[in-house]
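Subject: A structure for you to look at

Hi there,

Here is the structure I promised to pass on. Have a look at it first, and then read my notes below.

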Amino acid sequence: MIEITPSVKEQLDNHFQGKAQSPIRVYLAAGCGGERLSLALDTEQETDLVQELSGYTFLVDKELSEKAGVIKIDMTPYGFAVSSEVQVGGGGGGCGGSCSSC
């Protein structure tokens with residue numbers, strides 16, 4: 001299950017104003033700080049759970065959804081923040097303290 005805050009809805013409304021809406025995927029992204037949940041525009045796959053929420057279509061792989069539990073999307077001063085009821089990312093990372101070494 002996915003939950004969004006009112007500020008997320010407002011940001012999505014602003015982004016898609018005058019544009020065709022695309023489904024929004026929640027996925028596990030790899031990065032310098034380890035894996036974390038992230039968002040991307042995508043198309044529906046057979047392995048997805050699809051949730052309509054506040055006029056938007058959200059997609060998440062069924063396996064990831066089962067592992068994550070409730071997924072919450074919020075806004076921060078830096079953009080979208082995606083968190084889950086159960087931590088699914090590996091955390092940490094093998095960067096030796098510097099992302100330039102990844």
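Let me start with two terms: helices (H or I, at least four residues) and strands (E, at least two) are DSSP runs, numbered from the N terminus, and two strands pair if DSSP finds at least two bridges between them. In this protein, Ile2 has Ile71 in E6 as its bridge partner.

Please keep in mind that this is a predicted model, where local features need pLDDT of at least 70, side-chain atom pairs count only at pLDDT 80 or more, and totals for chains, interfaces and linings use all residues. Residues are numbered from 1 along each chain as its sequence is written, and side-chain values use heavy atoms, leaving out hydrogens and water.

Now the wider picture. The protein has 2 helices and 7 strands, which follow the order β-α-β-β-β-β-α-β-β from the N terminus.

Strands of a sheet pair through backbone hydrogen bonds, either parallel or antiparallel. Here, 3 strands make an open sheet, ordered E1-E6-E7, with mixed pairing. Its edge strands, E1 (2–4) and E7 (79–84), each pair on one side only. Between E1 and E6 (residues 71–76), the pairing is parallel and spans 3 bridges.

What packs on the sheet? Helix H1 (residues 6–16) does, touching E1, E6 and E7; contact means heavy atoms within 4.5 Å.

Finally, of the 102 residues in the protein, 30% are buried, meaning under 20% relative accessible area (1.4 Å probe, protein chains only).

Enjoy exploring!

Best wishes

Definitions and conventions. Axes fitted to C-alpha atoms, helices over the stretch in contact; angles between N-to-C directions. Buried < 20%, exposed > 50% of the residue type's maximum accessible area, 1.4 Å probe, protein only.
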